[in-house]
Amino acid sequence: MSDLPSHIEIFEEGPREGFQIEAGPIASADKIALIDALSGTGIRHIQICSFVSPRLVPGWADAEAVAAGFTPKPGVAYNALWFNEAGLKRALAFRDRLSMTGSISLAASEAFSRRNLNRDRAGNIEAMRRQTAAHLAAGIPVGRVGVMAAFGCNFAGDITPEQVVQTVADGLAIAAEHGQAIHDLSLADTMGWATPARIERVVGAVRGRWPELTLRLHLHDTRGLGIANAMAGLRLGVARYDSTVGGLGGCPFAAHKGAPGNIATEELVLLCEEMGIATGIDADALIAAGHLAERIVGHTLPSAALRGGSLAAFRARAA
């Protein structure tokens with residue numbers, strides 16, 4: 001237990017992840033209402049939308065309207081997602097409202113890369129070279145490498161730690177070519193294959209090669225192991241996590257219809273706070289935002305914490 005962090009950073013992706021996969025249509029005003037509610041919970045990082053093809057991801061055809069409509073709160077960093085120069089150009093129109101940082105996004109599974117982005121490994125590396133150059137030309141630093149399908153793949157099966165290490169090396173090489181220092185390495189369980197043992201093996205392999213990198217885990221709860229995997233990460237000292245309010249979301253290219261999305265932010269907050277790990281987030285305000293998300297999407301979300309609530313009220317009643 002000695003490697004448990006004293007505090008963690010949570011990167012809330014509920015709006016972007018959730019509204020890309022929900023059947024919809026969901027009104028822009030409702031998307032904005034959820035973003036504004038999340039802004040009042042103590043969360044300091046919120047990913048609000050995707051600047052992607054409306055044909056492939058129709059749920060984000062209104063990205064511009066949402067980016068223009070939310071109310072920024074001081075101390076909260078708002079960001080968006082894009083995969084190519086067209087998406088970057090759209091995002092740049094909101095650089096006064098968004099935290100603009102570049103990312104080198106690769107997949108440890110070539111089969112998933114083909115399915116998700118229609119690129120093989122070499123094609124994706126070349127695309128990331130072009131995208132990194134485009135970021136720098138626009139004055140946007142590139143400080144993050146993200147590895148999708150880092151723990152397994154619905155199309156390729158098991159992914160070895162060696163495949164993940166090679167993918168990280170590809171990303172770092174692209175950054176080095178452009179004189180960029182990577183300060184954030186994200187390992188994503190895109191299709192929910194992770195287990196605590198897989199977390200230990202992959203994190204151990206990456207840390208063994210690059211102990212100086214700060215790791216972030218992007219975990220899905222596809223098979224109900226999301227919080228167990230987060231616990232494994234906490235025991236290893238990982239202090240950055242992506243999550244989504246209510247467990248919104250899921251990857252639309254994972255060929256797993258109906259599977260739960262990311263780990264629920266409120267479940268992660270409750271776990272950490274009960275263990276003495278600070279999050280800076282008001283669990284009850286976050287649960288209220290989760291219930292708002294349920295009303296917006298029109299169905300129950302998978303988070304158990306939305307059903308059970310926090311422990312604060314029960315403690316007060318028992319006092």
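This is a predicted model: local features need pLDDT of at least 70, side-chain atom pairs count only at pLDDT 80 or more; totals for chains, interfaces and linings use all residues.
Biologist: Why is N124 called buried?

Modeller: Buried means under 20% relative accessible area, exposed means over 50%, and partly exposed lies in between (1.4 Å probe, protein chains only). N124 has 2% relative accessibility, so N124 counts as buried. N124 belongs to helix α6, residues 121-137; helices (H or I, at least four residues) and strands (E, at least two) are DSSP runs, numbered from the N terminus.

Biologist: What makes the N124 and R119 pair a polar contact?

Modeller: A polar contact is a pair of N or O atoms within 3.5 Å; within protein, one must be able to donate a hydrogen and the other to accept it, and residues adjacent in sequence count only if both atoms are side-chain atoms. The side chains of N124 and R119 are joined at 2.9 Å. Contact in the plain sense means heavy atoms within 4.5 Å. Leaving aside neighbours within four places in sequence, the residues in contact with N124 include S105, L106 and L117.

Biologist: How do you know that R90 and E64 form a salt bridge?

Modeller: A salt bridge is a side-chain nitrogen of Lys or Arg within 4 Å of a carboxyl oxygen of Asp or Glu. For R90 and E64 the N to O distance is 2.7 Å, and the pair is a salt bridge. The pair links distant parts of the chain, R90 in helix α4 (residues 85-92) and E64 in helix α3 (residues 63-69), 26 residues apart. R90 is partly exposed because its relative accessible area is 21%, and E64 is partly exposed at 28%. The structure holds 15 salt bridges.

Biologist: Are R216 and D184, which form another salt bridge, buried or exposed?

Modeller: R216 is at 7% relative accessibility and therefore counts as buried; D184, at 3%, counts as buried too. Their closest N and O atoms are 2.5 Å apart. R216 is in strand β7 (residues 215-218) and D184 in strand β6 (residues 184-188), 32 residues apart.

Biologist: What makes R315 and E274 a link between separate parts of the sequence?

Modeller: The side chains of R315 and E274 meet in a salt bridge of 2.8 Å, N to O. R315 lies in helix α13 (residues 312-318) and E274 in helix α10 (residues 265-274), so the pair ties together parts that are 41 residues apart in sequence. R315 is partly exposed, with a relative accessible area of 49%, and E274 is partly exposed at 42%. Elsewhere, salt bridges that share partners join E9, R144, D184, R216, R240 and D242 into one network.

Biologist: Why is a set of residues called a nonpolar core?

Modeller: The name applies to a set of buried Ala, Val, Leu, Ile, Met, Phe, Trp, Tyr and Cys residues joined through side-chain atoms within 4.5 Å. The largest such core here has 96 residues, and those with the most contacts inside it are F51, V164 and L187. Helix α11 (residues 283-297) gives the most to this core, with eight residues. In soluble globular proteins, nonpolar side chains tend to be buried together.

Biologist: How do you know that β1 and β8 pair?

Modeller: Two strands pair if DSSP finds at least two bridges between them. Strand β1 (residues 9-12) and β8 have four, in the parallel sense, with S243 in β8 as the bridge partner of E12. β7 and β8 also pair in the parallel sense, over two bridges, and H218 stands opposite D242 in β8.

Biologist: What makes both faces of strand β8 covered?

Modeller: In β8 (residues 240-243), R240 and D242 on one side and Y241 and S243 on the other are all buried.

Biologist: Why is A149 called buried?

Modeller: A149 has 0% relative accessibility, so A149 counts as buried. A149 sits in the loop between β5 (142-148) and α7 (161-177), and its phi is near 55°, a positive value in a residue other than glycine.

Technical notes:
Residues are numbered from 1 along each chain as its sequence is written. Side-chain values use heavy atoms; hydrogens and water are left out.
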